[in-house]
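Here is a short report on one protein chain. Keep the sequence and the 3D view open as you read.

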Amino acid sequence: MRAPDLMHAEHRCLRCGPVAPLHVPERINDEIMASVVERMAADPDPTGRLRMPLWCPWPLPPGWTLTGVAWAGDERAGVRATLVACAGPAPLDGGPADLIFLAEEPGVGLGSRFAGLPGPDPGPQVEEALTDPGPGHPERLPHAKIRVGGHPTPLWLVRSETDRSAYAGEARGMWLHAIAWPASAGHLLAEEVVLHDLTEWTPPDLVYGAPSPYLHGRA
C-alpha cells in the first residue's frame, strides 16, 4: 500500500485503488482499548455520517477473552471501519476458536478481506440468500440472529475460505460482519450473542487474551 503523495490524497493499493489504511495495535489491554475508544470519539466525521460503533460481545461467552481491536481510516476521511477480535473454546468440540466482529461503511472492503470474499461488499451474496433461501427452506430465514445494540439483528452466511465461516448483515446503516475460525466456530452465533458498542460504554471487567493471529497477518 502506498501512502498519500503529491499526486494522490489517499492511501492506495496498486491493485484496488484508494483504500482505508488499517491500524492494528500490537497488544490489547485496558489502556489500548481506551485509546482506541478515544480515537473513535475524536473522529472528525467530515461527511456528517454516523460515528462508527465498536461491536463487542458482552457479556463475553464463558471462557472467552478479548484478543484485539483495530480500525480503518485516516485523518482526512475519518474512521470507516472498526474491528474487535475475541477467542475461546469452540461451541462443538471445545477446541480453540477465534471470532471477529467488524463494522464498516459500504465500499471499504475490510470484511471481504477477512472473509476471503471477492469485491468490497457482501451485498450480492446477502441478496442471493434473501431471494433464494435454498431447497427445503421456503422462508427467507437468517442463518443467525443476534442482538446488536439492543435490537434483534439477522446475519446471513456468505461464501468464504474453507478454513472459516463468515456471516454478514446490517446494523445502524453499516455492514456488520462476523467471521469465525475454524468454520465450525460459527455455531457460536446460534447461541445468545449480544453485541455492545464499546464507544458508548466500556465494561471495566473486560478480560484480555493473547493477540489474535488473524489481525497480524494470518488471515
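How many disulfides does the count come to? The count is zero. A disulfide is a covalent bond between the sulfur atoms of two cysteines. Here the term means a pair of cysteine sulfur atoms within 2.5 Å.

A word on the source. This is a predicted model, in which local features need pLDDT of at least 70 and side-chain atom pairs count only at pLDDT 80 or more, while totals for chains, interfaces and linings use all residues. Residues are numbered from 1 along each chain as its sequence is written, and side-chain values use heavy atoms, leaving out hydrogens and water.

**Cysteines**

Seen from cysteine 86, the closest cysteine sulfur is in cysteine 56. Cysteine 56 is buried, with a relative accessible area of 0%. Cysteine 86 is buried too, at 1%. Buried means under 20% relative accessible area, exposed means over 50%, and partly exposed lies in between (1.4 Å probe, protein chains only).

Helices (H or I, at least four residues) and strands (E, at least two) are DSSP runs, numbered from the N terminus. Strand β5 covers residues 65–74. Ten of its ten residues are buried, so β5 is largely enclosed by the rest of the structure. Two strands pair if DSSP finds at least two bridges between them. Strand β3 (residues 22–23) runs antiparallel to β5, joined by two bridges. Histidine 23 stands opposite tryptophan 71 in β5. Strand β6 (residues 78–89) is also antiparallel to β5, with nine bridges. Glycine 68 stands opposite alanine 85 in β6. A hairpin of three residues joins β5 to β6.

**Rings**

A charge sits over a ring if NZ of Lys or CZ of Arg is within 6 Å of the ring centre and within 35 degrees of the ring normal.

| Charged residue | Ring | Distance from ring centre |
|---|---|---|
| Arginine 39 | Tryptophan 71 | 4.5 Å |
| Arginine 113 | Phenylalanine 114 | 5.2 Å |

The structure also holds one aromatic pair. Tryptophan 181 and tyrosine 214 are stacked, at 4.0 Å centre to centre and 10° between the planes. The pair links distant parts of the chain, 33 residues apart. Tryptophan 181 is in strand β11 (residues 174–181), and tyrosine 214 is in the segment after β12 (194–197). Both tryptophan 181 and tyrosine 214 are buried. Rings of Phe, Tyr and Trp (its six-membered ring) pair if their centres lie within 6.5 Å; planes under 30 degrees apart count as stacked, over 60 as edge-to-face and the rest as tilted.
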